[in-house]
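I opened my notebook for this one and went through it topic by topic. Here are my entries, in the order I wrote them.

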Amino acid sequence: MAMSFLKPHCTHRLPSSSSSILNSPFPTISPTKSLSANGSSFSTRIPNHFRALPISSTPTKPFSFKAFSSQISASAPKPDEMPARVGFLGLGIMGSPMAQNLIKAGNDMYLLQNTFVISGGATLPFGIGRRANVVPLSRWVQSKAVSCGYKSSPKEVAASCDVTFAMLADPQSALDVACGEHGAAKGMSPGKGYVDVSTVDGATSKLIGTRIKATGALFLEAPVSGSKKPAEDGQLIFLTAGDRSLFETVAPLLDVMGKSRFFLGDVGNGAAMKLVVNMIMGSMMASFSEGLLLSESVGLDPKVLVEVVSQGAISAPMFSMKGPSMVQSLYPTAFPLKHQQKDLRLALGLAESVSQPTPIAAAANELYKVAKSRGLSDEDFSAVIEALKVKLQSQSKE
């Protein structure tokens, strides 16, 4: 598989343990997951034994509900239909491990020359401006020992690649990188593809898709369900919509980065599904936080509560992973609180557009806003418990 990072005519080999992958158009790495996982927007060639693997982690028959449908195809593209060069825009908490997994699988990648990697993990894409505590991409690449090429703008990345992936933090960043003065759309043309794996609202996704398709290129929205650890482990869930042919082309790439992929039809459906999922997640975390604090207030051990919950019908990996740290008031960032609040805000807007009341999500959103006001934006979203602690402290003083 071939992957590209962004810098003209600059390619660095991987360490000896993996450099051989890049020397052959047909790498011999055996994937550990079936082809059912979503393909990412890298350009790569897949060996025959890779293509022949059965799909086992996704449904074999389509299911549908209202406007959404999940359809997974067992067929993989032919070698001459696979993208040869891949670009990746956005190397933050999610984009960084996703890109690294593609490189490990033998892809040549292009990254953005003037992308700056914030020390905490987020990225500063082209055209967004610079902030303090950032690390130049070249140093990030060196520290990760990855093989890549560089380009100076999203436009040049897209122009140099068959498929370009984008993982940006919010709707405005996604728009700037795709549609700005030097945006990816300016480098798109017939035969190319743009896969946006950012979490944005449906209107933003449709706007980006319209700009991309106006160039004759294909567009796929593919927001992911999963945070930092699933991204590192290649266990993301891709919620895709848009051009079905592009979905089929990048499917093997999505399989490298994820454990499953869903094709949901028209552009906007993937964005809507992701917002619904994150609305549920944010509300669950707020309720879990209330439970931890209530158990402590009535003299129970919150650590025991975490264990009890983990063994019952309401057990969830999120509670088991986050609970022990929350009890210690520690919030190592896997999914920033500011992004959870952004997704709740977008989900509430989605609900408003169809006149559906969402009182629980609305209440949860207010808690995340309080947490942001307390300077917790860049902490993990589990830090929402601190907003409840503030309320408890205020009540105790009255």
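**Strands S11 and S12.** I looked up Tyr194 to find its bridge partner, and in S12 that partner is Phe219. The two strands, S11 (residues 193-196) and S12 (residues 218-221), run parallel and are joined by 4 bridges. My rule for pairing is that DSSP finds at least two bridges between two strands. Strands and helices here are DSSP runs numbered from the N terminus, with at least two residues (E) for a strand and at least four (H or I) for a helix. With helix H7 (residues 202-213), S11 and S12 make a right-handed β-α-β unit. I call a crossover right-handed if, with the strands pointing away from me, the path from the first strand over the helix to the second runs clockwise.

**Ground rules.** I note that this is a predicted model, in which local features need pLDDT of at least 70 and side-chain atom pairs pLDDT 80 or more, while totals for chains, interfaces and linings use all residues. Residues are numbered from 1 along each chain as its sequence is written, and side-chain values use heavy atoms, with hydrogens and water left out.

**On to S14 and S15.** I followed S12 to S14, and these two pair in the antiparallel sense over 2 bridges. Leu220 stands opposite Gly242 in S14. S14 (residues 236-242) then pairs with S15 in the parallel sense over 5 bridges, and there Ile237 faces Ser260 of S15. S14, helix H9 (residues 244-257) and S15 make another right-handed β-α-β unit. Is S15 enclosed or open? Of the 6 residues of S15 (residues 258-263), 5 are buried, so the strand is largely enclosed by the rest of the structure. Buried means under 20% relative accessible area, exposed over 50%, and partly exposed in between (1.4 Å probe, protein chains only).

**Salt bridges.** I found a count of 9 salt bridges in the structure. The criterion is a side-chain nitrogen of Lys or Arg within 4 Å of a carboxyl oxygen of Asp or Glu. I checked these:
- Arg261 pairs with Asp255, with the closest N and O atoms 3.0 Å apart; both residues are buried.
- Asp343 and Lys342 meet at 2.9 Å, N to O, and both are buried.
- Asp233 and Lys229 meet at 2.5 Å, N to O. They lie in helix H8 (residues 228-233), 4 residues apart, about one turn of the helix. Asp233 is partly exposed at 40% relative accessibility, and Lys229 is partly exposed at 46%.

**Aromatic pairs.** Rings of Phe, Tyr and Trp (its six-membered ring) pair if their centres lie within 6.5 Å; planes under 30 degrees apart count as stacked, over 60 as edge-to-face and the rest as tilted. By this rule I get 5 aromatic pairs. The ring centres of Phe88 and Phe165 are 6.1 Å apart with the planes at 15°, so I log this pair as stacked. The pair links distant parts of the chain, with Phe88 in strand S4 (residues 86-89) and Phe165 in strand S10 (residues 163-166), 77 residues apart. Phe88 is buried at a relative accessible area of 1%, and Phe165 is buried at 0%. Phe288 and Phe319 are stacked as well, at 4.3 Å centre to centre and 20° between the planes. This pair also links distant parts of the chain, from Phe288 in helix H10 to Phe319 in helix H12 (residues 317-327), 31 residues apart. Phe288 and Phe319 are both buried.

Most residues other than glycine have a negative phi. Ser329 is in the loop between H12 and helix H13 (337-353) and is partly exposed at 35% relative accessibility. Ser355 is in the loop between H13 and helix H14 (359-373) and counts as exposed at 64%.

**Met94.** I placed Met94 in the loop between S4 and helix H3 (95-104). Met94 is buried, with a relative accessible area of 14%. Its C-alpha atom is separated by 9.1 Å from that of Leu168, 74 residues apart along the chain.
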